[in-house]
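Thanks, everyone, for making the time this morning. I would like to walk through one model with you, helix by helix and then residue by residue, so please keep the picture in view while I talk.

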Amino acid sequence: MNESAIVIIKNYMNRLNRPNSSKKILHFEQMSYSRWAANELLNCVMEQNSRSPVRVIEEFISKMDTYSCMNGASFIFSVAHDTAEDILDMFLKE
């Protein structure tokens, strides 16, 4: 299993500010989307535990990049892309 990737993603999630509805709406959305993306990425890494976590994260980034170019909900996927890149950077520094 990809234990180190799981630990890094969970640590990332723990460091995110908890979304607070009293903050500005854009910040609230960004933190919410970032938590969502980290959770989705965690699920992907855990489900694909026989694959390289770097490869799983890179594929997630690629998907989010593709989705962010579509009309409608581009912001959520742009945040997810950035979140996954942050997590990948943390993983590669280990």
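Let me start with a crossing: helix H1 passes helix H4 in a right-handed crossing, where right-handed means that the near helix is turned clockwise from the far one by less than a right angle, and left-handed that it is turned anticlockwise. Before I go further, a word on what we are looking at: this is a predicted model, in which local features need pLDDT of at least 70 and side-chain atom pairs count only at pLDDT 80 or more, while totals for chains, interfaces and linings use all residues. Residues are numbered from 1 along each chain as its sequence is written, and side-chain values use heavy atoms, with hydrogens and water left out.

Staying with that pair, the axes of H1, which covers residues 3-15, and H4 come within 10 Å and cross at roughly 125°; the axes are lines fitted to C-alpha atoms, for helices over the stretch in contact, and the angles run from 0 to 180 degrees between N-to-C directions. H1 and H4 are therefore oblique to each other, given that angles under 35 degrees count as roughly parallel, over 145 as roughly antiparallel, 65 to 115 as roughly perpendicular and the rest as oblique. On the H1 side, Ser-4, Ala-5, Ile-8, Ile-9, Tyr-12 and Arg-15 meet Thr-83, Asp-86, Ile-87, Met-90 and Phe-91 of H4, with contact meaning heavy atoms within 4.5 Å. The residues of this contact between H1 and H4 divide into seven nonpolar, two polar and two charged, where Ala, Val, Leu, Ile, Met, Phe, Trp, Tyr, Cys and Pro count as nonpolar, Asp, Glu, Lys and Arg as charged, and the others, Gly among them, as polar.

Stepping back to the chain as a whole, its secondary structure comes to four helices and zero strands, and from the N terminus on the elements run α-α-α-α; helices (H or I, at least four residues) and strands (E, at least two) are DSSP runs, numbered from the N terminus. Of the 94 residues, 37% count as buried, which here means under 20% relative accessible area, with exposed being over 50% and partly exposed in between (1.4 Å probe, protein chains only). Among contacts between residues at least 6 apart in sequence, 62% join residues at least 24 apart.

Taken together, the residues of the contact of H3 with H4 divide into 14 nonpolar, four polar and three charged.

Leaving aside its neighbours within four places in sequence, Leu-88 is in contact with Val-54, Ile-57, Glu-58 and Ile-61, while its C-alpha atom is separated by 9.1 Å from that of Ile-9, 79 residues apart along the chain.

What does Thr-83 touch beyond the residues up to four places away in sequence? Its partners are Tyr-12, Ser-34, Ala-37 and Ala-38, and Thr-83 is buried, with a relative accessible area of 3%. Val-79, also placed in H4, counts as buried at 6% relative accessibility and, its neighbours within four places aside, is in contact with Gln-30, Tyr-33 and Ser-34.

Turning to H3, Ser-68 lies in that helix and counts as buried at 15% relative accessibility; not counting residues up to four places away in sequence, Ser-68 touches Ser-74, Phe-77 and Ser-78.
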